[in-house]
Amino acid sequence: MLIYVGLRQYNYETLNLLLDDERINGVVLGDGFCNKRMFPHGDYDLLKYIEQADNRKKAIFYQTPCFLTDNKLNRQLQILDFLKSCRNVWVLVQDLGMAYLIGRKYPELKLCWSRLGKFRVDILNADFINSLSKLKVGYMEIEDENKVEKLVANGVIPCFMYGKVSYQSCGRICYSCYE
């Protein structure tokens, strides 16, 4: 079983606590809304923390942005290029366009439909699962055991989630505060 943990905010001390914990196999790095809120120095820290987790042989679960605006795309491509050099990378996506781009340009990265994706598409039927599979999304974060059979039957591996996701960036506050 793979156990990964994500925090709302990181600093070197909290990251090292997670990396030192032998029960934890991986860390979620990257905020769906704002890396400048998640890390003291934004994307600079993101890349340093990814490197640190990779050096410690922990799986890296990179959370892509929920709002991938034109001015953010080049930076995301730079981050994905950096991730290609890491050992065990999972990319959490919740945007079909981003899933398409990553599946084509970065086939070596494992794609997982993030639980944040259910806010965009809250339907789980065979057509949607097959669409994800065609985009090379092989995993899906879920909270409901009743969805397992449907996912597995359609070639997608479930990743069980515990805990609630909460963000303080509602209404794109992060963009107006930090950018």
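**Figure 1. The largest nonpolar core.** Of the 41 residues in the largest nonpolar core of this predicted model, Y10, L29, L83, V91, V93, I102 and M140 touch the most other members. A nonpolar core is here a set of buried Ala, Val, Leu, Ile, Met, Phe, Trp, Tyr and Cys residues joined through side-chain atoms within 4.5 Å. Buried stands for under 20% relative accessible area, exposed for over 50%, and partly exposed for values in between (1.4 Å probe, protein chains only). Helix 3 supplies the largest share of this core, 5 residues. Helices (H or I, at least four residues) and strands (E, at least two) are DSSP runs, numbered from the N terminus. The model is predicted, so local features need pLDDT of at least 70 and side-chain atom pairs count only at pLDDT 80 or more, while totals for chains, interfaces and linings use all residues. Residues are numbered from 1 along each chain as its sequence is written, and side-chain values use heavy atoms, with hydrogens and water left out.

Figure 2. Leaving aside residues up to four places away in sequence, I102 touches T64, L80, V91, V93, P107, L109 and L111; contact means heavy atoms within 4.5 Å. A second, separate core has 10 residues, among them A59, W90, L92 and C112. In soluble globular proteins, nonpolar side chains tend to be buried together.

**Figure 3. Helix 6 and its buried face.** Helix 6 spans residues 126–134, and its buried residues are F128, I129 and L132. Viewed down the helix axis, these buried residues fall within an arc of 100 degrees, so they line one face of helix 6; the arc is that of the directions from the helix axis to the C-beta atoms. The exposed residues D127 and K134 are carried on the face turned away from the buried side. Helix 5, strand 5 (110–113), strand 6 (137–142) and helix 7 (148–153) are among the elements that cover the buried residues of helix 6.

**Figure 4. The two ends of helix 6.** At the start of helix 6, a side-chain oxygen of N125 comes to within 3.2 Å of the backbone nitrogen of D127. Just after the helix, K136 has a positive phi of about 75 degrees.

**Figure 5. Q94 and its polar contacts.** Q94 sits in the loop between strand 4 (89–93) and helix 5 (96–105). Its relative accessible area is 0%, so Q94 counts as buried. The side chains of Q94 and Q63 are joined by a polar contact of 2.6 Å. A polar contact is a pair of N or O atoms within 3.5 Å; within protein, one must be able to donate a hydrogen and the other to accept it, and residues adjacent in sequence count only if both atoms are side-chain atoms. A polar atom of the Q94 side chain also lies 3.0 Å from the backbone oxygen of T64.

**Figure 6. Salt bridges.** The count comes to 5 salt bridges, each defined as a side-chain nitrogen of Lys or Arg within 4 Å of a carboxyl oxygen of Asp or Glu. One of them joins R23 to D21 at 2.7 Å, N to O; R23 is exposed at 63% relative accessibility, whereas D21 is buried at 19%. In the pair D31 and R37, the closest N and O atoms are 2.6 Å apart, and both residues are buried. R75 and D43 meet at 3.1 Å, N to O. R75 lies in helix 4 (residues 70–83) and D43 in helix 3 (residues 43–55), so this pair ties together parts 32 residues apart in sequence. R75 is partly exposed, with a relative accessible area of 27%, as is D43 with 23%.
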